[in-house]
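Subject: Structure for you to look at

Hello,

Here is the structure I said I would pass on. Please keep it open while you read the notes below it.

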Amino acid sequence: MGKKDRSIAVNLVSRQKLDEFTSAEKIKFILKEVQNGKVLVLEQGLTALEQSDLIERTMKEIKQDTFIGIEMEGYGEEKPSLLRKLLGVIQKPRMTVIGPAHLLKTINKDNNMIETKIIPGKGG
């Protein structure tokens with residue numbers, strides 16, 4: 001085993017798993033996983049408030065030599081139809097991709113696809 005393992009874990013996190021958490025627990029879970037070098041693909045994305053809480057918490061946790069921050073890209077809530085508005089149906093955010101800033105770079109995003117590049121061997 002002369003070569004160091006340079007693989008990167010990508011975790012696909014189900015909506016059911018995320019539903020087990022409060023917003024605060026979800027942010028704590030995500031931050032812990034990303035600090036451990038994992039890239040997360042969340043089946044159900046974060047709300048705008050959760051995204052801002054995650055960014056705020058990340059800024060407090062930054063350590064120049066070990067954790068420089070996160071890269072996050074996702075889809076917000078879909079625009080509700082008139083019928084959904086009348087029925088009061090709450091739209092949940094769609095998929096979100098989150099990872100360590102030194103490993104994950106967003107290349108392109110449109111309404112149907114987020115293209116990211118994982119860069120192994122960079123940084124911490």
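Lys 17 is partly exposed, with a relative accessible area of 32%; here buried means under 20% relative accessible area, exposed means over 50%, and partly exposed lies in between (1.4 Å probe, protein chains only). Lys 17 makes a salt bridge with Glu 20, and their closest N and O atoms are 3.9 Å apart. A salt bridge is counted when a side-chain nitrogen of Lys or Arg is within 4 Å of a carboxyl oxygen of Asp or Glu. Glu 20 is exposed, at a relative accessible area of 57%.

Before going on, note that this is a predicted model: local features need pLDDT of at least 70, side-chain atom pairs count only at pLDDT 80 or more, and totals for chains, interfaces and linings use all residues. Residues are numbered from 1 along each chain as its sequence is written, and side-chain values use heavy atoms, with hydrogens and water left out.

The count of salt bridges comes to 7. Lys 32, Glu 33 and Lys 38 are linked in a network of them. Within it, Lys 32 bridges to Glu 33 with closest N and O atoms 3.9 Å apart, and Lys 38 bridges to Glu 33 at 3.3 Å. Is Glu 33 buried or exposed? Glu 33 is buried, with a relative accessible area of 9%, whereas Lys 38 is partly exposed at 25%.

Next, the overall layout. The protein chain has 4 helices and 6 strands; helices (H or I, at least four residues) and strands (E, at least two) are DSSP runs, numbered from the N terminus. From the N terminus on, the order of elements is β-α-α-β-α-β-α-β-β-β. Of the 124 residues in the chain, 30% are buried.

An open sheet of 4 strands has the order 1-2-4-3, with mixed pairing; two strands pair if DSSP finds at least two bridges between them. Its edge strands are strand 1 (10–13) and strand 3 (70–74), each of which pairs on one side only. From one strand to the next, the twist averages 15 degrees. Strand 3 and strand 4 (residues 96–100) pair in the antiparallel sense over 5 bridges. Which residue in strand 4 is the bridge partner of Glu 71? That partner is Gly 99.

Helix 3 (residues 48–61) lies across strand 3 and strand 4, and runs at about 170 degrees to strand 3. Axes are lines fitted to C-alpha atoms, for helices over the stretch in contact, and angles run from 0 to 180 degrees between N-to-C directions. Contact means heavy atoms within 4.5 Å.

Lys 26 is in helix 2 (residues 23–35), and Lys 26 is buried, with a relative accessible area of 7%. Leaving aside its neighbours within four places in sequence, Lys 26 is in contact with Leu 18, Phe 21, Leu 46 and Glu 50. For the protein chain, 63% of the contacts with a separation of 6 or more are between residues 24 or more positions apart.

Regards
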